[in-house]
Amino acid sequence: MRIRLLDVEFDALTVNDLHAEISEAVTARERKIIANHNLHSIYLSHTDPQMRKFFCMVDKVHIDGMPLVYLARFFGYKVQRQHRVTYVDWVRPLMSVCAQQGWKVFYLGGRPGVAGFAAQRLQKVYPSLKIETHHGYFTKTNYENLRVLEIIHSFNPHILMVGMGMPLQERWIAENLNQINATVILTAGACFDYIAETLPTPPRWMGQIGLEWLYRLISEPKRLWKRYLLEPWYILGLVVKEFIHPKS
């Protein structure tokens, strides 16, 4: 189900739906970009032209955040709790399917050593998982960037997960898309940091009721205070505008 809300579009997709989308792309060998929307990305889509451009390039956009589920319900869409898919919950089921199907995964992001350590942990659980990683701390506009693209090209992954945080990961994908040889490209955020336990994982019950943002704010106040304390006021203005002037 495609949803248009707050002047952006996204899809009501479950984990199984996303696996089906990936499988379809890999089987057909057709490029597919799967991104996600939450309140932060909606804010960026309205304030950052590059983010707006990026979301015009993607094929599917899943819901990452219960507040967006609640908003969709408020405006009459039949969205369920299972349509909220965040990488904290999704990454392990995804790696399990990749191991079973023999899909090669490349994760790009995180501090040096973090993604590699997370990959080792995943391979202990899924021994047949074919995965390579590279940190996200490289210069994006010169030789280093080309070298990273060459490493990805040599591995020839079915799935490229780019985890640099918003909006850096989206900008990098948009700027390098023509040189990326992966079939499926995912904007994955810091999910490998959670696997490596360099970031504390929010209690899953908080995510289920829409309070995961509070845990993250308390855990990283200096980095996230603007996102969770200021940006929602901008979103509230969009909600009021949508309520007064709904788009058909």
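Helices (H or I, at least four residues) and strands (E, at least two) are DSSP runs, numbered from the N terminus. This is a predicted model: local features need pLDDT of at least 70, side-chain atom pairs count only at pLDDT 80 or more, and totals for chains, interfaces and linings use all residues. Residues are numbered from 1 along each chain as its sequence is written, and side-chain values use heavy atoms, with hydrogens and water left out.

**Stop 1: E212**

Select E212, which sits in helix α11 (residues 212-219). For accessibility, buried means under 20% relative accessible area, exposed over 50%, and partly exposed in between (1.4 Å probe, protein chains only). E212 comes out at 5%, so it counts as buried. Now show R84 as well: the two side chains make a polar contact at 3.2 Å. A polar contact here is a pair of N or O atoms within 3.5 Å; within protein, one must be able to donate a hydrogen and the other to accept it, and residues adjacent in sequence count only if both atoms are side-chain atoms. Contact in general means heavy atoms within 4.5 Å. Skipping neighbours within four places in sequence, E212 is in contact with R84, T86, P202, R204, M206 and G207.

**Stop 2: L6 and the cores**

Jump to L6, in the loop between β1 (2-5) and β2 (8-11). Most residues other than glycine have a negative phi, and most peptide bonds are trans. With a relative accessibility of 3%, L6 counts as buried.

Leaving out neighbours within four places in sequence, L6 is in contact with I42, H46, L71, I235, L238, V239 and E242. A nonpolar core is a set of buried Ala, Val, Leu, Ile, Met, Phe, Trp, Tyr and Cys residues joined through side-chain atoms within 4.5 Å. The largest one has 43 residues, and L6, F10, L108, L160, W172 and I173 touch the most other members. Helix α4 (residues 66-74) supplies the largest share of this core, five residues. Apart from it lies another core of 35 residues, with L13, W103, V105 and L129 among them.

**Stop 3: R29 and R31**

Next, pick R29 and R31. Both are in the loop between α1 (15-28) and β3 (32-37). R29 is another non-glycine residue with a positive phi, near 55°, and at 76% relative accessibility it counts as exposed. Draw a C-alpha to C-alpha distance from R29 to H158: they are 8.8 Å apart in space and 129 residues apart in sequence.

R31 is partly exposed, with a relative accessible area of 35%. Its side chain reaches two backbone oxygens, that of L177 at 3.5 Å and that of A182 at 3.0 Å. R31 and I185 are 154 residues apart in sequence, yet 7.9 Å apart from C-alpha to C-alpha.

**Stop 4: P167**

Go to the loop between β7 (159-163) and α8 (168-176), where P167 has its place. Check omega between M166 and P167: the value is about 0°, a cis peptide bond.

**Stop 5: salt bridges**

Side chains of opposite charge can pair when their charged atoms come close. A salt bridge here is a side-chain nitrogen of Lys or Arg within 4 Å of a carboxyl oxygen of Asp or Glu, and the structure holds 14 of them. Start with E9 and R4, which meet at 3.5 Å, N to O. Then move to R52 and D7, at 2.9 Å. That pair links distant parts of the chain, 45 residues apart: R52 is in helix α3 (residues 49-57), D7 in the loop between β1 and β2.

Now try E197 and R121, whose closest N and O atoms are 3.4 Å apart. These two are 76 residues apart, with E197 in the loop between α9 (191-196) and α10 (204-208) and R121 in helix α6 (residues 114-125). E197 is exposed at 60%, whereas R121 counts as partly exposed at 31%. To finish this stop, select R2, R4, D7, E9, D11 and R52 together: salt bridges that share partners join them into one network.

**Last stop: helix α13**

Colour L236, in helix α13; at 43% relative accessible area, L236 is partly exposed.
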